[in-house]
Amino acid sequence: MQAAIRTRDLTKDFAVGFWRKRPYRALDRLSIDVAPGDVFGFLGPNGAGKTTTLKLLMQLIFPSSGEAEILGRPAGDIAVRRRIGYLPENPYFYDHLTAEELLDYYGRLFRIAGGERGRRVSAILDRLGIGAERRLQLRRFSKGMLQRVGLAQALLNDPEVIFLDEPMSGLDPLGRRDVRNLILELRDQGRTIFFSSHILSDAEVLCSRVAILVKGQLAAQGTIADLQAFHVRGWELIVHGVEDSIVQRLRGRARRITRIEGARYAIELGTESRPEQILTELIADGASLVSLNPLRDTLEDLFVRRVAEVGEGARAEGGHARG
Amino acid sequence: MHAASFVALATFRESVRDRVFYNLVLFAVLLVAASLLIGQLTAGQDVKIIKDLSLAATSLFGLCIAIFVGIGLVSKEVDRRSVYPLLAKPVRRSELIVGKYLGLLLTLLVNVAVMTAAIYLVLFYLARGVPPNIQQAWDAPALDPALLKAIALIYLELATVTAVALFFSSYSSPLLSAIFTLGIYVIGQFNADLKQFDRIVSAPAAVALAKGLYYLLPDFARFDVKLAVVHGQPVPVAYVAATAAYALLYIAALVCGAAALFARRDFK
Ligand SMILES: Nc1ncnc2c1ncn2[C@@H]1O[C@H](COP(=O)(O)OP(=O)(O)OP(=O)(O)O)[C@@H](O)[C@H]1O
Ligand SMILES: [Mg+2]
């Protein structure tokens, strides 16, 4: 199956420094594949290179090396631009246009015919909760309203692949929920969504796959389940109907034992212990199983760990260079 | 180039909303005030003075628009990052450049057309009631169609200046673009002198350099036939046509240059 988005060794060096320009690597050999229908979360701390990647995909900047493809065509292909939508980070449009006029202008560029264009513009503005304000000039729009206009223009052409650079930024809690629902709706319609974020809970709820970018390098990639399964930190066993003395026998083997209430206990086991065996022993002593669950990292734990790892790696390299 | 026409219309609309056409009010006030004043002071000379003044004002007002709107044409989109969503649409970078340019040309066309109408209207009022035998003694008739030749050349000059501004604004900041464009405009006024440089200097290298600059820089003096028209001297159609061809060539080179510079630019 053809990937919706594909990059190979995509690299971007910026020239920095006022007088003596030296290259600064904002993106380092990024290779990712996004399958059609995926909701792909592109995660990373500030300055990781997320926006840089999106700008490369939109060909707003050109790669130093490597390549990027969308729907099987090189980034920047005019025909492909009809089939994609893009929400830039902190979008800005034209102060002198109203929301309606802006979308009408973009609709013309997409060659959407007159009557259809009017219908689509008003439908998409309705969908994003822009009411009578649509007749106001954009200079009067608040940040969150502008973000909604940005989302509206990204969806105007009924795109197959949608690129969103921090779609939740600037939105209030209700707005975030709206956008989350919107993304799920778009996913159910079979569209591919590639969004950058540093809000992990959003990614956990929305994404089928994520990539974590740290300092321009891909630190992890996979489905959320994969990434979390990597790090089963232990098990939580909840049993019912055991006597305290029996539970206390496990002291040495369990990480922590907590009495929930009455004869119900939560027993936390380390990765080295074998939960099946302990469970068998407890059941032989008359206990009944309530639940057994793996204790996994949240995406946040993973994120923090990977960021720290890459940080250490960089420091170690720096040490070598000096030594 | 269909997309370019949408960009052009959007650019035109922006200049309307940015109140570029308010300059017309100032122009009209100036023209009426001048004609009232001059009409009182001088007998018979007023038509000539009004022609002189109004052509100069058309050129000056147009120049201000060409330079100050022209330098922001592209750089404003880039600096404010409205170019990000725009270029994610099916619009080529070259179409953006051409569209922006055509949009400002349209603005200038409307501007100059309205000014032309105003000039003829004022001249009509000034000539009204002047006996025909006196009118016959004038260098040129009040409603002289030759004025249109002067105005057409002013418009071509404005189109060329706009192309210069567009060229600079496709890769440098508005301030630098303004300085460069004004510089080119001023040098271009005296450009014809460079051609005769060999009369003052004999060093062959200097002469070659002057000749090179003459061909590289626009010769804006070519576009100025105001004096001839006001004094009723003939301006051959062939001259106007040749100057138009010169302008078109120059504009084509500048717009292509601007598009080429813009094509490989990284947007920060
Ligand atoms: N035009 C530029 N010139 C020089 N350096 C740049 C340029 N654009 C980005 N960078 C650098 O590249 C790195 C990545 O920036 P980028 O904007 O892609 O980060 P990001 O992941 O989007 O961060 P954030 O979450 O804050 O939006 C940063 O260190 C930034 O300073
Ligand atoms: Mg960013």
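**The ligand 1 site and selected secondary structure**

Among the contributors to the shell around ligand 1, helix H1(A) gives the most, with three residues. The model described here is predicted. Ligand 1 itself is located between chains A and B.

In total, 16 residues surround ligand 1. The closest are Lys50(A), Thr51(A), Thr52(A) and Glu89(A), together with Lys268(B). By residue class, the shell divides into six nonpolar, six polar and four charged residues.

For Thr52(A), a polar side-chain atom lies 2.6 Å from an oxygen atom of the ligand. In the case of Tyr24(A), an N or O atom of the side chain is 3.0 Å from an oxygen atom of ligand 1. For Glu166(A), the corresponding distance between a polar side-chain atom and a ligand oxygen atom is 3.3 Å. On its own, ligand 1 has 640 Å² of accessible area, of which the protein covers 74%.

E1(A) pairs with strand E4 (residues 65-70) of chain A in the antiparallel sense, over five bridges. Within this pairing, Ile5(A) has Ile70(A) of E4(A) as its bridge partner. E4(A) pairs in turn with strand E5 (residues 73-74) of chain A, again in the antiparallel sense, over two bridges. Here the bridge partner of Ile70(A) is Arg73(A) in E5(A). E4(A) and E5(A) form a hairpin in which two residues lie between the strands. Leu71(A), in the turn of this hairpin, has a positive phi of about 50°. In a regular strand, side chains alternate between the two faces of the sheet.

In chain B, helix H8 was examined for length and burial. H8(B) comprises 24 residues, 146-169, and at 1.5 Å a residue it should span 34 Å. The C-alpha atoms at its ends are 35 Å apart, which agrees with that expectation. H8(B) is mostly covered, with 19 of its 24 residues buried. An α-helix has 3.6 residues a turn, so residues three or four places apart point the same way.

Definitions and conventions. Residues numbered from 1 in each chain as written. Chains lettered and ligands numbered in written order. Predicted model: local features only at pLDDT ≥ 70, side-chain atom pairs only at ≥ 80, totals over all residues. Heavy atoms only, no water. Near = heavy atom within 4 Å. Polar contact = N/O pair within 3.5 Å; in protein donor to acceptor, adjacent residues only side chain to side chain. Areas by Shrake-Rupley, 256 points an atom, 1.4 Å probe, with all protein chains shown as cover. Helix = DSSP H or I, 4+ residues; strand = E, 2+ residues; numbered from the N terminus. Nonpolar A, V, L, I, M, F, W, Y, C, P; charged D, E, K, R; others polar. Expected span 1.5 Å × (residues − 1). Buried < 20%, exposed > 50% of the residue type's maximum accessible area, 1.4 Å probe, protein only. Pairing = 2+ DSSP bridges.
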